[in-house]
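This report concerns a single model, shown below. Please keep the structure in view while reading.

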Amino acid sequence: MTETGGTTETLPGARAELIAAATTAAQWIPTFPLSVEDPTPASVLILFGRLDSIPARADDLTVAADLDVLLQRRAATLSSHPGQVSFPGGGRETADADEIATALREAQEETGLEPDGVEVLAALPEIPLSVSNFLVTPVLGWWRKPSRVAAVDHAETVEVFRVPVAQLIDPANRYTSTLHRDGMTYRGPAFDIDGTIVWGFTAGILDALFDATGWALPWDRTIERPVTV
């Protein structure tokens, strides 16, 4: 993981594979139940680029060792998804021109990245999220010109990091998360990155996207671990 800027080159294949996956997003984008009426429009930025100084541990897998994705850890005091790892993003504001503008503004406010360095590849289909009553548009981006990133407002974001995709798809780092709530058990994909757990909405999107791009490797879905909220 690193927070420094890096090269402006693009990875052979990875950008094209993301664009191809976006064209079929309606077939693979995950669904989450929405039980509350009149949800708030929101966007998240799913930003891929080239890890600039720290190589992925598993560089013999199906993706290049320096391909990474930008994630952040939310503050534990937030009312929505406290302490969880997430993509940069948030609710739409009246000044935002569209869903893409929301994603770029929120990412800049939360991580300090320069929006001009981001190439927007696609706005994916909206995903309803009942826990926070958001209707979320995932915006897929490619980091043409990486800029320095770090938590801007620690009341909202406590950590910003770039995770090697090869480390995320390593089967040793994958398992099924279980959440027990209101007499029900919810299961979903999860990633364990050196003790940093990615689960829920973010993990569901990454899991589906890795399958769609062809980057995913077989992993044991029968391994289950509980998560706490």
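The model is predicted, and the description starts with strand β7, which covers residues 134-143. Of its 10 residues, 8 are buried, so β7 is largely enclosed by the rest of the structure. Strand β1, residues 40-50, pairs with β7 in the parallel sense over 9 bridges. Within that pairing, I46 has L140 of β7 as its bridge partner. Strand β5, residues 118-123, runs antiparallel to β7 and is joined to it by 5 bridges; here E119 is partnered by W142 of β7. Strand β6, residues 127-129, is likewise antiparallel to β7, with 3 bridges, and L129 has F134 of β7 as its bridge partner. The table collects these pairings.

| Strand paired with β7 | Sense | Bridges |
|---|---|---|
| β1 (residues 40-50) | parallel | 9 bridges |
| β5 (residues 118-123) | antiparallel | 5 bridges |
| β6 (residues 127-129) | antiparallel | 3 bridges |

β6 and β7 form a hairpin, with 4 residues between the two strands. In the turn, N133 has a positive phi of about 60°.

**Helix α1**

Helix α1 spans residues 14-23, and its buried residues are A14, L18, A21 and A22. These residues cover an arc of only 100° around the axis, which puts them on the same side of α1. What covers the buried residues of α1 includes the strands β1, β2 (67-74), β5 and β7, together with the helices α2 (25-28) and α5.

**Helix α5**

Helix α5 comprises the 14 residues 200-213. α5 is mostly covered, with 11 of its 14 residues buried. The buried set consists of F201, T202, A203, G204, I205, L206, D207, A208, L209, F210 and T213. G214 follows α5 and has a positive phi, near 85°.

**Aromatic contacts**

A pair of aromatic rings is described by the distance of the centres and the angle of the planes. The model has 3 aromatic pairs. In one of them, the ring centres of F48 and W215 are 5.8 Å apart and the planes stand at 75°; because an angle over 60 degrees counts as edge-to-face, the pair is given that description. F48 belongs to strand β1, whereas W215 is in the loop between α5 and β12 (224-226), so the pair ties together parts that are 167 residues apart in sequence. Are F48 and W215 buried or exposed? F48 is buried, with a relative accessible area of 0%, and W215 also counts as buried, at 3% relative accessibility.

W215 pairs with F210 as well: their ring centres are 6.2 Å apart and their planes are at 40°, so this pair is tilted. Both F210 and W215 are buried. Ring pairs link F48, F191, F210 and W215 into a cluster.

A contact of another kind involves R225 and Y175. The charged end of R225 sits over the ring of Y175, 4.2 Å from the ring centre.

Methods
Residues numbered from 1 in each chain as written. Predicted model: local features only at pLDDT ≥ 70, side-chain atom pairs only at ≥ 80, totals over all residues. Heavy atoms only, no water. Expected span 1.5 Å × (residues − 1). Buried < 20%, exposed > 50% of the residue type's maximum accessible area, 1.4 Å probe, protein only. Pairing = 2+ DSSP bridges. Phe/Tyr/Trp six-rings, centres within 6.5 Å; stacked < 30°, edge-to-face > 60°. Lys NZ or Arg CZ within 6 Å of the ring centre and 35° of its normal. Arc of directions from axis to C-beta. Contact = heavy atoms within 4.5 Å.
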